[in-house]
Amino acid sequence: MSAKTKPKRPPNPLMHNRNFLWLLGGGVISMLGDQFSLLAMPWLVLAVTNDTLAMGLVLGLISLPRAVFLLVGGALVDRYPARSVLLLTKYVNAVLLGGLGAGVLTGTLTIPVLCGVAFGIGLASAFSIPAGTTILPRVIPGDQLQAANGMMMGLRQATLLLGPLMAGGLIAVVGGSGKAAASGAPSDLAGLGAAFLVDCATFVISALTLYQVRMLTLPGDTPARKGESLGAVFRSIGDGILHFWRDPELRALCLYFSATTFFIGGPLQAVLPVFARDRLADGADGFGLMMGLHGVGTLVGMTVSGARPNFRLRTLGATILLIDSLVALVFMPMGLAQHTWQAALLMAIAGCLAGFIQIGVFTWIQRRIPPAMLGRGMSLFMFIVMSLAPLSSALCGWLMRYVPPQVMFLGSGLALWGIVALGLTSKSLRAIAMPVRTPPAAAPAETPIENPAAV
């Protein structure tokens, strides 16, 4: 009697795609390195100035140019090869972080130089973000895009969990204990300088891996248009916004995510720390546990979405509305939590739901926008998230002078339910579904580009 053999599971085509593996490897290395600078930058400012206002100024100099120039970056990515733009930003970041690390280690760093480096990093990110979000559809077939997004964004979430631990360990080992001196500022800068040099090295390595990636041209791609006036670039940004507005489904999705970002993004950033301090006994440790489990939940949701791209309701729009109604149901009782583990469990569930839907939404936008407008489209969507969340946080900070965190959680959850109810009335939002598109590798008009022209 012969035992029946189980049919072999088909191999994951992404794991045999050389382009994707080079892009994935370099991306993970760079994202991991980013966590070193994110942890070291505010600590460095406090070490040099012992001034929280100076810390806020430096961090603001990173975020401000990113928000202001993000749409310009998207317009340029539509005019030049995304690979070349991304390579250029990696060179710039490597030089800036290498110089910053050397200045810290040699003791020659000044505050004006630090502010200039912070501005340069923020400006470079305004171009690297749209370039990074538009390169993937030009590397892999369209039918594998959601799985690739799930893998890339899932690993990014993993670096958010692992990177700070590695960075903190490096700073502590190289710089000593990392404890504050009598003045309140950290006493040893060697570990901080080493952290910036590690991030510099990751940009160099990721640039080398990006050189190995061969790009595909999509139908509708336009050749690089050099020598155009600044007015033409701004007109192209207007064209991108107009295209979003004239597409009913893109318009509905952007308006919907603008509302959800404003009513949920702010409380997550501003209300949770206050709630952890005033309500939970564990204080900062409890806040760290909540955010850590939220990150783990987001990673789980992204992994499931990438592995099961068709696991949804009849349409993606209906799935978004269902998921957000569940997030509201999880969010409202947050203020009633008496113990840290209760709040952390709710955060993990909310993260899992949000991570699951993020992959589908990101993939849909990448496939919906015409290739010639992909940079402007992705930068516009990222601009919505990056600009509204800080604004919402500031408003929440003001409201909490008069309203306790428990009421803020309840109000945000009810507001999200209201947004979902409005979304149910939108035929365009409910109709959002993954478009049918010929996989890029099978399109006759698409050819590999061995050596894309540098910017």
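1. Which residues line the largest cavity? In this predicted model, the lining is made up of Gln146, Ser305, Arg308, Pro309, Phe311, Arg312, Leu316, Thr319, Phe356, Ile357 and Gly360. The volume of this largest cavity is about 50 Å³. The structure holds 4 cavities of 30 Å³ or more. As background, rolling a probe the size of a water molecule over the atoms shows where empty space is left.

2. The lining can also be sorted by where its residues come from and by their class. Helix H10 (316-331) and helix H11 (340-368) each give at least two residues to the lining of the largest cavity. H11 provides the largest share, 3 residues. By class, 5 of the lining residues are nonpolar, 4 are polar and 2 are charged.

3. The overall make-up of the chain comes next. The secondary structure of the protein chain consists of 14 helices and 2 strands. The chain has 455 residues, and 49% of them count as buried.

4. How far can the model be trusted along the chain? The mean pLDDT of the protein chain is 79, with 84% of the residues at 70 or more. Confidence is highest in helix H3 (residues 82-106), at a mean of 93, and lowest in strand S2 (residues 448-449), at 35. Over residues 177-187 the pLDDT is below 50, and this stretch has 15 contacts in the model beyond near neighbours in sequence. Residues 437-455 also have a pLDDT below 50, and that stretch has 44 contacts beyond near neighbours in sequence. Where pLDDT is low, the predicted coordinates should not be read in detail.

5. The next points concern charged pairs. Side chains of opposite charge can pair when their charged atoms come close. The count for this structure comes to 3 salt bridges. One of them is formed by the side chains of Asp78 and Arg376, at 2.6 Å from N to O. Asp78 sits in the loop between helix H2 (52-77) and H3, while Arg376 belongs to helix H12 (residues 374-399), so this pair ties together parts that are 298 residues apart in sequence. Both Asp78 and Arg376 are buried.

6. Another salt bridge joins Asp247 and Arg368, whose closest N and O atoms are 3.0 Å apart. Asp247 is in the loop between helix H7 (230-246) and helix H8 (248-278), and Arg368 is in helix H11, so the pair ties together parts that are 121 residues apart in sequence. Are these two residues buried or partly exposed? Asp247 has a relative accessibility of 12% and counts as buried because the cut-off for buried is under 20%. Arg368, at 28% relative accessibility, counts as partly exposed.

7. Arg368 has a further partner. Arg368 forms a salt bridge with Glu249, and here the closest N and O atoms are 3.3 Å apart. This pair links distant parts of the chain, with Arg368 in helix H11 and Glu249 in helix H8, 119 residues apart. Glu249 is buried, with a relative accessible area of 17%. Through shared partners, the salt bridges join Asp247, Glu249 and Arg368 into one network.

8. Asn93 is worth a look in the viewer. Its place is in helix H3, the helix with the highest mean confidence in the chain. Which residues does Asn93 touch, not counting residues up to four places away in sequence? Asn93 touches Ile121, Ala124 and Phe203. With a relative accessible area of 6%, Asn93 is buried.

9. Leu160 counts as partly exposed, at 33% relative accessibility. Leu160 and Val296 are 136 residues apart in sequence, and their C-alpha atoms are 9.7 Å apart in space.

Definitions and conventions
Residues numbered from 1 in each chain as written. Predicted model: local features only at pLDDT ≥ 70, side-chain atom pairs only at ≥ 80, totals over all residues. Heavy atoms only, no water. 1 Å grid on protein atoms, 1.4 Å probe; cavity = no way out; pocket = protein on both sides within 12 Å on 5 of 7 lines; lining within 4 Å. Points joined across faces, edges and corners; volume = space filled by probe spheres on them. Helix = DSSP H or I, 4+ residues; strand = E, 2+ residues; numbered from the N terminus. Nonpolar A, V, L, I, M, F, W, Y, C, P; charged D, E, K, R; others polar. pLDDT = per-residue confidence, 0-100. Contact = heavy atoms within 4.5 Å. Salt bridge = Lys/Arg side-chain N within 4 Å of Asp/Glu carboxyl O. Buried < 20%, exposed > 50% of the residue type's maximum accessible area, 1.4 Å probe, protein only.
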